[in-house]
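Hi everyone, thanks for coming.

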Amino acid sequence: MEKRKITNGVFWVEEPKAGFYILCGCPADSIKHLIKRGMVVPKEKKGVQYETGPNAILLSDVPIQNGMFSNLAEFPVLQMLYRQGMIIPGHPNNTGARPMLIGLEDQVHAQSGYIYRGNYGLSTIEEIVDAGTPRDLAVQMMRMKKRFAFDNIRESEELIEFRVIDREVIELRDGMYVRRKGINVYEFMYEETSTTVDLNLPAHEMYTPPYTLDYHCINRELFSVIHTGEGDGWDESRPCMASIISYKGKLYLIDAGPNVIGSLTALGIGVNEIEGIFHTHAHDDHFAGLPTLIRSSHRINYYATPLVRRSVVRKIEALTGITEAQFKKYFLVHDLDFDRWNDIDGLEVMPVLSPHPVETSILYFRTAVDGEYRSYAHLADIASFKVLGGMVTEDRKKSGISAEYFEQVKESYTIPVDLKKIDIGGGYIHGMAEDFVRDRSKKLVLSHTALPLSDAQKEIGSSAGFGTEDVLFSSDRDFPLESARRYLKLFFEYADAIDLELFESCHLLLFPPGQILLRSGSRAAELYLLTSGLVEVINPAKGNTDTIGAGCLLGEWSILNKKPSEYTFRTKSYARALRIPGRVFRAFITKHSLFERSKERYEKRRFLGTTRVFGDTVSCEIQNRIAGEMQSFSFGRGERPESGGKPLLYILESGSIELYSKDRLVETLEGGDFFGEERILKTPATMFEARVTKRAKVFGIPGELLINIPIVQLKLFERLKRRVKRLKTRFGIEWSDEYGVRIRQIDLQHKELFTRAGEILIATEKKAPVSSIQKLLIALLKTANSHFKYEETLLKNNGYPGAEDHSEIHSGIIRELENFSSRLRTEKRTVFPELLDFLREWLVRHTLTVDRKYIRFLREKGVT
């Protein structure tokens with residue numbers, strides 16, 4: 001059995017003898033990573049071209065990790081079905097086997113619904129009407145959808161084999177087992193081999209893109225288009241089709257494909273700088289980055305037609321359980337009307353319904369200066385005229401589209417504009433460059449393809465490299481300086497405009513990626529107020545690195561305390577910052593008698609920055625506001641922090657607190673951990689209670705401050721899901737038929753061992769006296785000794801060549817059990833967790849791997 005790490009949170013496990021090639025973990029772009037690493041390669045069989053790849057996927061236990069989707073199986077499943085040929089009639093790889101998805105019941109169920117929504121979007125006339133669509137148009141849309149689906153809208157279960165892990169160990173097929181060892185930790189076992197994968201992402205680790213992007217310094221304009229992706233869902237070297245509109249210095253995304261944060265970083269843009277997103281549709285290559293936008297400290301404006309929004313929300317709800325009401329807590333939702341200009345502070349956008357398997361809008365943008373309009377069109381996931389022409393039928397009982405609608409679509413695609421980006425991916429659901437030969441737009445940009453452009457395509461339209469910018473209206477306004485003034489007002493809310501004039505003489509500077517602004521151990525001579533871009537904060541004492549963005553002050557602590565900096569500040573992208581001389585800052589602080597207040601707030605902000613919930617992407621502006629409102633509490637051993645009054649989120653600074661559900665220990669909290677999220681999220685019932693085990697100092701943060709901070713809400717939601725998952729997961733020690741070796745006497749003895757071990761587990765959960773558990777362990781020792789002697793005699797009498805080695809393994813197990821028996825007398829209950837882990841590991845691994853080595857040998861000898 002072979003295991004390879006593909007990228008953060010993604011592994012490849014293959015066991016050719018069992019016929020398994022398993023993608024473990026499937027975040028966004030996992031299939032591109034496999035292509036890049038050579039796990040997916042083109043082949044030919046019986047004259048048919050196809051790709052290799054996985055035939056099974058292991059899902060993460062949790063749907064979101066560190067603000068990113070963990071389970072996005074849409075493209076890997078499509079690759080198996082179509083590019084490998086598992087579903088194509090007559091294909092040599094169509095053997096009747098289906099792609100296998102492996103995971104906990106809730107995640108398997110989630111993938112079933114998510115893949116269904118990815119295939120069809122809203123799948124009934126009633127759903128489409130409920131999204132605000134006139135019934136006659138809804139009927140027309142369903143005719144079109146059925147044609148795209150070849151008149152067969154199929155449930156996911158018809159296409160995919162779902163394997164639910166509903167107990168500790170299950171057999172996948174043909175002697176291949178998977179064992180769940182803990183949250184997101186799995187062991188695969190086949191014959192005498194095994195390997196373990198851990199799908200957990202550490203606190204500050206992210207899923208990574210399969211490509212590397214060059215850094216760019218973009219300008220904020222009155223109206224411009226920044227090109228951020230021209231590839232498709234299979235292009236391992238480029239981001240998927242996307243753009244950014246710069247309007248009056250504000251930035252608006254068009255779609256959020258996989259790894260959108262990486263694209264923004266390469267452009268020197270922090271997620272907190274995004275004003276809004278215009279959304280075209282819910283396919284993963286335009287949708288997968290949506291939860292990373294929730295990492296913003298403010299609710300980003302979300303612009304889409306109600307039809308597209310409903311399709312998007314249904315897909316998110318299937319994946320994560322986030323409802324439409326919750327979605328509106330993370331984003332400021334603005335509905336757009338089809339076929340008319342919707343005004344957004346002078347930027348006008350017109351969505352047009354476009355034929356596609358899921359609800360899709362093409363988007364036209366325009367704005368005017370001195371009465372002159374300039375315009376941009378974004379045509380993502382359009383269909384070719386050839387495909388649409390083949391769908392035309394006037395028989396309303398058949399699937400397809402009318403000739404009249406076909407002409408409307410052609411007209412809407414070819415409206416002349418100043419700049420138009422078009423999908424030329426080809427095939428059944430994408431466009432073709434040849435359809436735009438006569439388009440009268442001033443400039444066409446060809447996009448959404450993994451293939452090199454042909455000469456004929458090059459004559460039709462241009463290419464646009466990542467980070468290139470088409471300026472439609474330039475501006476003479478200094479948008480970066482305006483941002484600096486705004487951040488100063490937010491940071492020093494207690495100062496009036498006249499006081500802030502003290503900073504007017506400061507210079508705004510542009511720094512390239514990788515430049516050190518302040519080194520740890522050096523005293524700061526000036527501060528930097530970051531106005532755009534990202535900066536790494538390196539803590540050499542703790543060996544970790546965080547990232548800060550626009551609105552943060554660099555070097556404040558060093559200047560306030562007249563001491564060397566504890567951190568190194570290094571630009572992660574192009575970054576603009578206002579350089580404030582130390583003397584100017586100290587003069588301002590002195591004038592307002594703010595030394596003590598500034599120090600106190602800084603210390604609180606610094607602590608917040610070390611916590612899981614407020615570190616990293618929460619802006620300094622938000623941290624500063626929270627620092628001004630957070631309260632300090634001290635609790636003695638045995639106390640249970642109050643749960644009445646206004647909801648508070650508690651952050652543990654020092655001491656020890658355990659989290660219980662009734663009398664079951666769920667989690668031991670460490671410094672920086674939090675509790676109280678249930679009341680903040682307004683869950684129907686409170687499941688968890690905090691108990692102080694060592695005098696604890698905690699900070700309480702009013703819940704009302706956190707309502708409009710999406711990233712905090714998401715992290716609270718993510719942690720609550722993990723805690724509930726941990727609570728519901730009980731790793732019992734119970735016999736299962738999968739453990740059988742099919743030799744009657746040995747199976748009976750193994751069952752007795754499981755029973756004895758299970759009695760120990762139950763006794764520890766019921767807090768039985770240590771003396772009682774000691775007696776149970778001695779009984780287990782006797783049973784084990786008896787079983788091992790029987791098994792060793794059987795192996796020796798039948799001439800098993802590995803009998804001596806097997807006997808040595810047994811001796812090691814007995815020594816371990818005797819050691820635990822001895823430790824119980826001195827260490828008491830502290831040894832319980834280690835003992836129970838050993839019992840599970842020994843019984844499951846020994847019966848599924850070690851004992852399986854002799855099965856074939858003994859059965860060939862006639863032993864049954």
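One definition before we start: a residue counts as buried when its relative accessible area is under 20%. Please also keep in mind that this is a predicted model.

Let's begin with a sheet. It is open, has 6 strands, and runs in the order β1-β2-β3-β6-β9-β10 with mixed pairing. At its edges stand β1, residues 2-7, and β10, residues 161-164; each has a single partner strand, so one side of each is left without a neighbour in the sheet. On average, neighbouring strands here are turned by 20° against each other, ignoring direction.

As a reminder, strands of a sheet pair through backbone hydrogen bonds, either parallel or antiparallel. Let's follow some of the pairs. Strand β3, residues 20-24, pairs with β6, residues 56-58, in the parallel sense over 3 bridges. Across that pair, L23 stands opposite I57 of β6. Moving on, β6 and β9 are also paired in the parallel sense, over 3 bridges, and there L58 sits opposite I102 of β9. Then β9 pairs with β10, parallel again, over 4 bridges; G103 has V164 in β10 as its bridge partner.

Now, which residues of β9 are buried on its two faces? M100 and I102 are buried on one side, and L101 and G103 are buried on the other, so both faces of this strand are covered.

What about the helices? Helix α1, residues 30-37, packs on the sheet, where it touches β1, β2 and β3, and its direction makes about 115° with that of β1. Helix α3 lies across β9 and β10, running at about 140° to β9.

Helix α3, residues 105-120, also packs with helix α2, residues 74-83: their axes are 10 Å apart, at an angle of about 70°. That makes α2 roughly perpendicular to α3. On the α2 side the contact is made by E74, V77 and L78, and on the α3 side by Y114, I115, G118 and N119. Sorted by class, that is 4 nonpolar, 2 polar and 1 charged residues.

Last stop: N184, in the loop between β12 and β13. Is N184 buried or exposed? Its relative accessibility is 0%, so N184 counts as buried. The side chain of N184 makes a polar contact of 3.3 Å with that of S60. Beyond its sequence neighbours, N184 touches several residues, including D61, V197, N200 and R722.

Conventions:
Residues numbered from 1 in each chain as written. Predicted model: local features only at pLDDT ≥ 70, side-chain atom pairs only at ≥ 80, totals over all residues. Heavy atoms only, no water. Buried < 20%, exposed > 50% of the residue type's maximum accessible area, 1.4 Å probe, protein only. Polar contact = N/O pair within 3.5 Å; in protein donor to acceptor, adjacent residues only side chain to side chain. Contact = heavy atoms within 4.5 Å. Axes fitted to C-alpha atoms, helices over the stretch in contact; angles between N-to-C directions. Parallel < 35°, antiparallel > 145°, perpendicular 65-115°, else oblique. Nonpolar A, V, L, I, M, F, W, Y, C, P; charged D, E, K, R; others polar. Pairing = 2+ DSSP bridges. Lists of a residue's contacts leave out its neighbours within four places in sequence.
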